[in-house]
Amino acid sequence: MMQITIKYFGLTIDCTSRSEEQLSFTGNLSDLKQYLIIKYPLLGQAIFQVAVNQVITNDSKIEDGDEVVLLPQYSGG
Amino acid sequence: MKKRDFFVDGPISPQFVGESIARHQKKTSIGAHDIFLGQVRQDSVADKLVQAIEYTAYQEMAEPVLSSIMEEAFDQFELTCAHVYHSLGRINIGEICLFVFTSAPRRRSARQACTYIVEAIKEQVPIFGKELLGRNDYQWKVNT
């Protein structure tokens, strides 16, 4: 099992009622997204990108100790 | 490039903007400044009015992204210096939440760089605005 940190921002906080959690997980990024959508069904309707270790990625690999962050549309300024 | 402080807690005061201009008067190669100030607008949402925006950012990612935006601006335009300040926390309507300040020998570079930086911030930097509508109601801001 890998230990990963997941952080949520913006709308994804509303979908999960949390801003951060630690997870023991086995699988790739697609598996993780599926897992999170099952755990938090509202995420299934949200549009978000995923950053792994501060970089936006579609790469499916996750490693032990990674920080995975769900980022909805930016609204700075 | 040295590490910069991009984020400030709370609103950006008009005094700070004025002092920033004053600090550049010693840099005598500058012939033009451009300034962008983002102000929190009182939008109306259904029958409610925005009272404030509460900003959060994924700072561990936002800071390197902002640094690379600044490096790109220096590569593309002939700049003497450039500064960016974005608020975090609650910013009431009418208060300043974004201050972009570019200085160059000539106006064209200053103006183009300022526009480039503002647009890049809106597109690339993970900052999130929660529009507070009063009585515990809110909506997440969407940039247009």
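Is B:Ala46 buried or exposed? Select it and take a look: B:Ala46 counts as exposed, because it has 8 C-beta neighbours inside 10 Å and the cut-off for exposed is 12 or fewer. One thing to keep in mind as you click around: this is a predicted model.

Stay on B:Ala46 for a moment. You'll find it in the loop between strand 3 (44–45) and strand 4 (48–49) of chain B. For background, most residues other than glycine have a negative phi.

Next, hop along chain B to B:Asn136. This residue sits in the loop between strand 8 (127–134) and strand 9 (137–140) of chain B. B:Asn136 isn't a glycine either, yet its phi is positive, at about 65°. With 6 C-beta neighbours inside 10 Å, B:Asn136 counts as exposed.

Now over to chain A. Colour its strands and you'll see 5 of them forming an open sheet, in the order 2-1-5-3-4, with mixed pairing. At the edges are strand 2 (20–25) and strand 4 (55–56) of chain A, each pairing on one side only.

Zoom in on strand 3 (residues 49–52) and strand 5 (residues 67–71) of chain A: they run antiparallel and are joined by 4 bridges. To see one pairing, pick A:Val50, whose bridge partner in strand 5 of chain A is A:Leu70.

Last stop: show both chains and look where they touch. Chain A brings 12 residues to the contact and chain B brings 20. On the chain A side, there are 6 nonpolar and 6 polar residues, with no charged ones.

Definitions and conventions
Residues numbered from 1 in each chain as written. Chains lettered and ligands numbered in written order. Predicted model: local features only at pLDDT ≥ 70, side-chain atom pairs only at ≥ 80, totals over all residues. Pairing = 2+ DSSP bridges. Helix = DSSP H or I, 4+ residues; strand = E, 2+ residues; numbered from the N terminus. Contact = placed C-beta atoms within 7 Å. Nonpolar A, V, L, I, M, F, W, Y, C, P; charged D, E, K, R; others polar. Buried ≥ 20, exposed ≤ 12 C-beta atoms within 10 Å, placed from the backbone.
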